[in-house]
Amino acid sequence: PITKKELTNRKKYFATVLLKDKYAILSGKEWQAKLKYITHSPQKATKEIKGNVAFPGKIKGTVKVVLSGDDIKKVKQGDILVAVMTFPNFVSAMEKAAAFVTNEGGILCHAAIVSREMKKPCIIATKIATQVLKDGDRVEVDARKGIVKKI
């Protein structure tokens, strides 16, 4: 059983991770600290990101980085949704977005499946998208070649 405080923290931020061969659940401030590490990196000078194509297409748009359910409301029609990975509660933002770009994932990940269902360009497994791209960046998502370029 978990405490009410832990349950509240998990509703805001949480992740299940494998640390030193043991699964752990990070939530609240502990997860926020890890998330800041994931999203802030010296790789900001990178102008081009490569990943795997989950659904082909080519489109330009404005980046909106979605790191939690709280960020979903930032995404407007035609934006490029950038995330570590997507989750079912991101679908309302994914419906508005013109394309998806994720740090993680394989061909059967949530972003890949939803992109194929919605027929929207999607690049997965970039490893660094949330570190390099920030809200308001203009990008071209070339999901035929698996490249995201700042423009």
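This is a predicted model: local features need pLDDT of at least 70, side-chain atom pairs count only at pLDDT 80 or more; totals for chains, interfaces and linings use all residues.
Student: Which unit do β6, α3 and β7 make?
Tutor: Together, β6, α3 and β7 form a right-handed β-α-β unit. Right-handed here means that, with the strands pointing away from the viewer, the path from the first strand over the helix to the second runs clockwise. Helices (H or I, at least four residues) and strands (E, at least two) are DSSP runs, numbered from the N terminus.

Student: Thanks! In which sense do β6 and β7 pair?
Tutor: Strand β6 (residues 80–83) pairs with β7 in the parallel sense, over four bridges. To count as a pair, two strands need at least two bridges found between them by DSSP. Ile80 has Ala99 as its bridge partner in β7.

Student: How many bridges join β7 to β8?
Tutor: Two bridges, and β7 and strand β8 (residues 122–124) run parallel. For Val101, the bridge partner in β8 is Ile123.

Student: Which way do the β7 side chains point, and are they buried or exposed?
Tutor: In strand β7 (residues 99–102), Ala99 and Val101 point one way, Phe100 and Thr102 point the other way, and all are buried. Buried means under 20% relative accessible area, exposed over 50%, and partly exposed in between (1.4 Å probe, protein chains only).

Student: Switching to α4, which of its residues are buried?
Tutor: Ala111, Ala112, Val114 and Ser115 are the buried residues of α4. Their cover includes β4 (52–55), α3, β7 and β8.

Student: Why does Ser115 count as buried?
Tutor: Because its relative accessible area is 0%. Leaving out residues up to four places away in sequence, Ser115 touches Ala54, Phe55, Phe100, Lys120 and Cys122. A contact means heavy atoms within 4.5 Å.

Student: What about the residue just after α4?
Tutor: That is Lys119, which takes a positive phi of about 55 degrees.

Student: Last one: what does Glu95 touch?
Tutor: Glu95, in helix α3 (residues 91–96), touches Gln77, Met118 and Lys120, not counting residues up to four places away in sequence. The C-alpha atoms of Glu95 and Gln77 are separated by 8.2 Å, with the two residues 18 apart along the chain.

Definitions and conventions. Residues are numbered from 1 along each chain as its sequence is written. Side-chain values use heavy atoms; hydrogens and water are left out.
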